[in-house]
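Here is a short report on how a fold is put together. Begin with the helices and the sheet, then turn to the cores.

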Amino acid sequence: LGMAAAGVRFATGSWFAALPAELRGELAVVVSNPPYIAHDDDRVDPAVREWEPHDALFAADGGLADVQALAVGAAGWLRPGGWLVVEIGSGQGDEVRALLGGAGLVDVAIAPDLAGHDRIARARRPEK
């Protein structure tokens, strides 16, 4: 990315708690691929259940707990007009749309993957 990446930062931790407090209200874009699979989803291949780290795949509340945490946190961490972009599970579009809107985010949109399934949610913090 060259110079365009000069402002990119990576943080490890529990969602927004991993970020320095001085970034609150300053983030232009937050992109996340959170766990979004329900623990009881029978469509998950057995090999995936056996080999992949469960913390990276499965979330409580039907797979929506971490998306909810991101939606709620984004309103305080994004700058006005800043965007949240989140990968979601197929079939979660309506629920995620409601979560994002309920958290005060606007311009909520759900985009499909190449197979036509709900896959990417995006929303922004309203301008002041």
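## Helices on the sheet

In this predicted model, α5 lies across β4, β5 and β6. Its direction makes about 160° with that of β5.

## The sheet

The open sheet has 4 strands, ordered β1-β4-β6-β5. Pairing is mixed. β1 and β5 (106-112) sit at the edges, each pairing on one side only. On average, neighbouring strands are turned by 10° against each other, direction ignored.

β4 and β6 run antiparallel and are joined by 5 bridges. Valine 86 has its bridge partner in β6: alanine 121. Another helix, α4, also packs on the sheet, where α4 touches β1 and β4. α4 runs at about 165° to β4.

## The largest core

How many residues does the largest nonpolar core have? The count is 22. Phe16, Leu27, Leu84, Val96 and Leu100 have the most contacts inside this core.

Five elements each supply at least two of its residues: β1 (27-32), α4 (65-77), β4 (78-87), α5 (93-102) and β6 (118-124). The largest share comes from α4, with 5 residues.

What does leucine 27 touch, leaving aside residues up to four places away in sequence? Its contacts are Phe16, Leu19, Trp77, Leu78, Arg79 and Gly82.

Methods:
Residues numbered from 1 in each chain as written. Predicted model: local features only at pLDDT ≥ 70, side-chain atom pairs only at ≥ 80, totals over all residues. Heavy atoms only, no water. Core = buried A, V, L, I, M, F, W, Y, C linked by side-chain atoms within 4.5 Å. Buried < 20%, exposed > 50% of the residue type's maximum accessible area, 1.4 Å probe, protein only. Contact = heavy atoms within 4.5 Å. Pairing = 2+ DSSP bridges. Axes fitted to C-alpha atoms, helices over the stretch in contact; angles between N-to-C directions.
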